[in-house]
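Me: I would like to work through one metal site step by step. Please show me the sequence and the structure first.

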Amino acid sequence: MRESVRDRLLAGYDGAADRDGVSGERLAERLATLASIGETEDGGVNRPGFSAEEKRAKEQVIEWMREAGLDVRMDGAGNVIGRLEGKADGLAFAAGSHVDSVPNGGNFDGPLGVLSALEVVEAWKETGYEPPVPVEVIIFSEEEGSRFGAGIMGSQAMTGDLSREALTMLSDANGNSFEEVIGAYGTSVDAFLEAARDPKEIGFYAEIHIEQGKLLEQAGLPAGIVKGIAGPAWLNAVFRGTAGHAGNTPMAGRRDPLVAAGRFVHEVSSLPARFSDTAVATVGKLNVSPNGANVIPEQVALTVDIRDLDKTARDGLLQKVRETAERCAADSGVEVLLELASSIDPVPVTDEVREELGEVFEEAGVRPMEFMSGAGHDAMILGRHVPMAMIFVKSIGGISHNPAEWSDLEDCIAAVHLLKRFAEQRMEKMAAHED
Ligand SMILES: [Zn+2]
């Protein structure tokens with residue numbers, strides 16, 4: 001366990017929210033235990049998807065799931081499903097998140113969702129509450145996309161949204177194919193594809209996640225309601241020119257792909273505002289080769305991340321980004337290859353679910369603030385097939401994907417109570433519909 005994480009969490013916690021079987025200390029200890037798996041020097045974690053560290057984190061949670069009385073299995077995509085039977089059969093109420101991280105990521109993005117869902121089950125166990133329908137706590141594999149540049153893989157495997165063709169095209173930064181990586185993880189491409197479930201097995205999916213923004217902090221609220229998730233599109237662009245010696249090649253006639261890419265990156269930043277108030281476009285990854293101080297580059301590969309709540313606006317922006325890449329390449333006399341690496345439609349939360357969540361928040365004395373999620377989550381994948389809900393927890397300073405990521409235990413526990421109450425009400429409705 002990483003004592004510093006546990007101590008800091010508990011130092012700011014007065015225990016007043018320890019009721020109905022929910023324990024702040026248990027959640028703090030579990031967050032601190034996961035924080036020690038793949039820990040980095042500056043307080044973060046390295047748990048890339050399908051790594052030994054991600055697997056160890058899953059194994060630790062599996063142990064806790066079993067202690068809590070869950071029936072646990074791992075599917076061919078490495079997703080962990082801990083199941084508690086309900087008073088009646090039928091569709092399951094599922095909740096969870098992921099335990100993989102970005103390089104040197106934080107200790108809350110993902111683990112909080114998994115451990116909060118487990119905390120709800122622990123609370124039910126302690127109070128003798130029997131859920132009316134089956135409950136599942138799920139850890140999805142490789143959510144962050146730090147391994148193959150294509151995230152939310154476990155949830156897409158479960159919903160059957162990944163094809164064999166898409167998988168065989170993937171390779172990681174070390175040049176290992178998806179087949180090699182998944183083989184080393186102890187599974188296979190076939191088994192990965194077999195992880196697809198009948199969507200009818202899950203009746204509802206809920207996820208607690210840190211906000212990764214500052215709206216809740218500014219509003220002074222512990223948690224908020226996600227009204228929809230903006231769909232990201234990832235466009236890969238490879239600018240290709242001619243390498244040459246920086247000293248011996250005259251400026252005239254150079255075919256420098258970095259000049260084209262630089263112009264492109266600059267222009268992309270002004271495009272989203274032309275399409276909507278909420279649209280965003282980001283170049284966060286750029287590889288220059290051969291990447292030598294005295295060499296005119298031969299190739300520059302980059303990825304543009306494009307998002308909006310409105311699919312029409314997002315697709316219009318995507319098209320404009322493509323045209324801009326082609327023009328910047330032509331202006332510098334280089335080639336550009338464009339490939340849409342992934343495109344996910346925005347997923348709204350239904351009015352019925354938002355109203356239900358709003359009532360649960362009000363009952364708990366928390367003003368129900370609603371906002372969109374600009375980040376993709378496993379709930380976005382599940383939400384295309386089953387009704388879903390997301391509760392965001394206040395992030396201190398809005399910092400995320402960074403060792404400094406932090407949420408106070410009091411706010412995390414407030415979200416656990418909100419999820420617990422919501423789940424109880426939702427499951428009653430689900431059970432009533434079965435009859
Ligand atoms: Zn996450």
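Reply: A contact here means heavy atoms within 4.5 Å. The model is predicted.

Me: Which residues coordinate the zinc ion, and at what distances?
Reply: The donors come from two histidines, through NE2, and one aspartate, through OD. In sequence they follow the spacing H-x10-D-x99-H. They are His98, Asp109 and His209, at 2.0 to 2.1 Å.

Me: What is the largest C-alpha distance among the residues of the UniProt "binding site" that covers His98, Asp109 and His209?
Reply: That annotation comes from an unreviewed UniProt entry. Its residues are spread over 112 residues of sequence, yet they cluster in space. The largest C-alpha distance is 9.8 Å.

Me: Where does Asp109 lie?
Reply: Strand 3 covers 92-98 and helix 4 covers 111-127. Asp109 falls in the loop between strand 3 and helix 4.

Me: Is Asp109 buried or exposed?
Reply: A residue is called buried under 20% relative accessible area. Asp109 has 5% relative accessibility, so Asp109 counts as buried.

Me: Which residues does Asp109 touch, not counting residues up to four places away in sequence?
Reply: The list includes His98 and His209, which also coordinate the zinc ion. It also includes Glu144 and His401, which UniProt lists with Asp109 for another "binding site" in an unreviewed entry.

Me: Which side chains make polar contacts with the side chain of Asp109, and at what distances?
Reply: One partner is Gln212, at 3.1 Å. Another is His98, at 3.1 Å. A further one is His209, at 2.8 Å.

Me: Is His209 buried or exposed, and in which strand does His209 lie?
Reply: With 1% relative accessibility, His209 counts as buried. His209 lies in residues 202-210, which form strand 5.

Me: How many residues apart in sequence are the parts tied together by Asp109 and His209?
Reply: Both residues coordinate the zinc ion. Asp109 is in the loop between strand 3 and helix 4, whereas His209 is in strand 5, so the pair ties together parts whose separation in sequence is 100 residues.

Me: Which side chain makes a polar contact with the side chain of His401?
Reply: Leaving aside neighbours within four places in sequence, the contacts of His401 include Asn104, Asp109, Glu144 and Gln212. The polar contact has a distance of 3.2 Å, and the partner is Glu144.

Note on methods. Residues numbered from 1 in each chain as written. Predicted model: local features only at pLDDT ≥ 70, side-chain atom pairs only at ≥ 80, totals over all residues. Heavy atoms only, no water. UniProt positions renumbered as here; feature names shortened; annotations may be inferred. Helix = DSSP H or I, 4+ residues; strand = E, 2+ residues; numbered from the N terminus. Buried < 20%, exposed > 50% of the residue type's maximum accessible area, 1.4 Å probe, protein only. Polar contact = N/O pair within 3.5 Å; in protein donor to acceptor, adjacent residues only side chain to side chain. Donors = N, O, S within 2.8 Å, 3.2 Å for Na, K, Ca; no water.
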